[in-house]
Amino acid sequence: MRAAHFCASCGRVQPPAPVDYFTFFGLPPKLNLDVAVLEKDFYELSRKLHPDLNARAGSQEQEWSLEQSSLLNDAYRTLRDPIKRTQYLLRLEGIELEEQSKAATEQARSTGELKKQIVPPDLLEEVFELNMQLEELRMNKKVGDDDPNLAKEIGAHKTALEAKHDALLKELEECWTDWDSCIVRNHGSKAPAEERATITAKMVDVLNRRNYIRNLVRDVNAVLED
Amino acid sequence: MSSDHIVGIDLGTTNSLVAFMQGETPVVIPGDDGSNLVPSVVALDEDNQAIIGNSARRYLIETPERAVYSIKRLMGRGIEDIQQELKLFPFRLAEDLQPGEVLRIKLGNHTSTPPEISALILRQLKRNAERYFGVPVSKAVITVPAYFNDAQRQATKDAGRIAGLEVLRLVNEPTAASLAYGLDKKQNGIIAVYDLGGGTFDISILKLHDGIFEVIATNGDTHLGGDDIDNRLITIALDDIRGDLDLDLRRNAEAVQTIRKAVIEAKIALSSLPSVKLDIELPQGKRYRREITREQFEQLIQPIIDRTVGPCRQAMKDANLKPEQIDEVVLVGGSTRIPKVRALVKEMFRREPHTDLNPDEVVALGAAVQANILAGGSEATENMLLLDVTPLSLGIEVAGGVTDKIILRNSTIPASATQFYTTQIDGQANVAIHVLQGERELAKDCRSLARFDLKGIPPMAAGIPRVEVKFLIDANGILNVSAREQRSGKQAEIQVQPSYGLTDEQVEGMILDSFDNAEEDFRKRQLIEARNETETILAALQKGKKSPAWGHLTSDEKKQIAKMERALAEVNKEDDYQAIRKAIDALNQGTTRLAELMMDTAVSSALKGKTMDETDLGEGPTAPHPMAKAEFE
């Protein structure tokens, strides 16, 4: 059931209800989501809630329209993106991934220590080699040397990392399916805390590994493009 | 409806326009000189009356210290931002300006802020619309460059208020252009709008879907445009003159303006000609002569137009699109008439760009479309809805001078973010928040938007208060902030210190026509204009009576005209502008045949002894569009 964004009889915009993004779209808190349907709903709701279409309403309605439409945009932006959607669900479950990362960064900054990066064990060897090569490439660039072999090897690492990244997304999707069936089994009411915790812990693990690889690929790109 | 016209205004760096929806089509409203474009030039005459537009141009050359152009470049900026501009533009700032203060420009003996000067241009457009409709106009949609930051947007909104306009919406220029284009092409797909104007550059990528215009990504440079090309050419000319003629004119404002006028004309001509000859009269009886070929010109401007490439690439990257995935590219802004710019766009997007609509007018037309949507829509705009984005990320300064981004660029607006704050010492009542805009990691590299002081936090132990601060970017792209202390439920007070803006009170004090006088002023102005028109038409009629055409009228027709002439003269003595206008219209109607007859005789005598070739004005490379006017008469 979608939240009552506008009056059923007169169609006027109502004040926003304090609901989560899933409920805003009238969706169960499931992670497998048809983005095309979400987009359609987003457009449909925009046509009712956007301030441009409520510009002649009273000032109270205009204010509600502004709040509702910002909520709609925030919700759509979050739910249409698989990673943001997962992070958001984790947040609803009380796990603040971003906050954790932010806190770690702040601590590293205030203590002057390097932020600890936990290298996924299966990547240890590869990351070690890649970092050496990246360092070499940086040095080469500084003195103007060009080693086509080195760039090639780094390129190969990058391709491998990207494949791992894709594999992790697949793994994440498996977690979604676990989560969704857990929701369905419990008919929308709260699933047992233990079961939820098992699945969310796995999602946190996958997301952390994925972030690590994404940052690595970003570094490689930065060196290659530099 | 008709008593409540909402107009669309393009407040441009070089030219400004006002448009509205006439039935199902947006049209530009001309000024009293018949021109659609009102040059964004403001001058003060000897009696300190503000002169705007075409008639202000001559002041630029005759008394440059009483005139200003390209004021848009200074909107929402502080003295520390504009050091580069000051080298190239003859802006004369008040001497006592402090960093962080709103700029004040000297115009004769007066000083005015950029919003006040822009307000004079807006007021002129407002008057043009009022003359056209015959009723007061008080509501407008105004366009801004998509890449304008919060301060620049706020300054534009302030300008509207000072001009006596309620600004219903600020619309991004490229998005407005897409509305004008989309009006007659109801289709779905991805379009890119490349907008290179007089002073700003924007690139916007949109997804069109059953009437929804959804901006996916935008980027740009608010200090890149035709002005930069002009300044490059002026600098070269000044260097040449110094080297070859041993004449240093850099401090001679009149001479610089004369050169500026000449190079702008040359620039425009080079869009259609392979080369042009500059021949400029200088002080001390000297002359500057030089030929510029199109090839040389293109080499000179290459570094300037190349600066549009980075923003285009970034926008495509942000939109996650390759050039092949873009269905259409639309050109907006006078500088896109330059063939080299078109070639660059074609190369970047790998397709021929669209130029069906006049690049000078398309933004104003789109603003009129948006005004129509806000007014409730019509058949033409049914189902049309604009979903725009914020061009820059919004951030908060956190420990270590680092920017913590809370709303990312290219987020659909309205957009919001909530942050929680607490206190660091027991009983602390205030918390300071520094809001930033930009993409850089460090706060000092981002644009400071405002400093907020949260006040009146109930006394509690350190770390206990939980102040919820909500940042909301509205549909104008302007930030609104509200705060609430959650433990006490108290609405925390927020004091805003805009980094480069006017306070509400300041704006209030600047309003040109205070609301009470608006109606009275409007009547007076209409009366003056109606009387002027009466004079014009009566004079024209006297001339008509002496022309051979008069003899062709029947005595009945002549009698009718004489009756209407008397009626107009009679009503002109009274103060009812509407009655005068009615009489003018009646006489106009009654003399249509006379006017036609006069035209026929005039045309036949004008064509005598001339071939058709001589009367043909020829076509430029942008045949469907009239050439942009040069800055000066």
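Reader: Quick one to start. How many residues of chain A are in contact with chain B?
Author: 18 residues of chain A are in contact with 19 residues of chain B. Contact means that the C-beta atoms of two residues, placed from the backbone, lie within 7 Å. This is a predicted model: local features need pLDDT of at least 70, side-chain atom pairs count only at pLDDT 80 or more, and totals for chains, interfaces and linings use all residues. Residues are numbered from 1 along each chain as its sequence is written, while chains are lettered from A and ligands numbered from 1 in the order in which they are written.

Reader: Which elements give two or more residues to that side of chain A?
Author: Helix H2 (35–49), helix H3 (59–80) and helix H5 (97–111) of chain A. H3(A) gives the largest share, 6 residues. Helices (H or I, at least four residues) and strands (E, at least two) are DSSP runs, numbered from the N terminus.

Reader: And by class?
Author: The side of chain A that touches chain B has 5 nonpolar, 6 polar and 7 charged residues. Ala, Val, Leu, Ile, Met, Phe, Trp, Tyr, Cys and Pro count as nonpolar, Asp, Glu, Lys and Arg as charged, and the others, Gly among them, as polar.

Reader: Stay in chain A. At what angle do H6(A) and H8(A) pack?
Author: Helix H6 (residues 124–143) and helix H8 (residues 193–225) of chain A pack at about 20 degrees, with axes 10 Å apart. Axes are lines fitted to C-alpha atoms, for helices over the stretch in contact, and angles run from 0 to 180 degrees between N-to-C directions.

Reader: So what do we call that, parallel or antiparallel?
Author: H6(A) and H8(A) are therefore roughly parallel to each other. That label is for angles under 35 degrees; over 145 is roughly antiparallel, 65 to 115 roughly perpendicular, and the rest oblique.

Reader: Which residues make the contact?
Author: From H6(A), A:Val127, A:Leu134, A:Leu137 and A:Arg138; from H8(A), A:Leu216, A:Asp219, A:Val220 and A:Val223. They divide into 6 nonpolar, no polar and 2 charged.

Reader: New topic. What is the strand order in the open sheet of 3 strands in chain B?
Author: E6-E5-E7, with antiparallel pairing. Two strands pair if DSSP finds at least two bridges between them. Strand E6 (50–52) and strand E7 (67–69) of chain B are the edges, each pairing on one side only.

Reader: How many bridges join E5 to E6(B)?
Author: 3 bridges join strand E5 (residues 41–44) of chain B to E6(B). B:Val42 stands opposite B:Ile52 in E6(B).

Reader: Which helix packs on the sheet?
Author: Helix H3 (residues 114–133) of chain B, touching E5, E6 and E7 of chain B. Its direction makes about 65 degrees with that of E6(B).

Reader: Last thing. What domains does chain B have?
Author: Domain 1 (6–224 + 307–387), domain 2 (394–504) and domain 3 (515–615). Domain bounds come from an automatic or database domain assignment. The C-alpha centres of domain 1 and domain 3 of chain B lie 36 Å apart. Their contact takes 6 residues from domain 1 of chain B and 6 residues from domain 3 of chain B.
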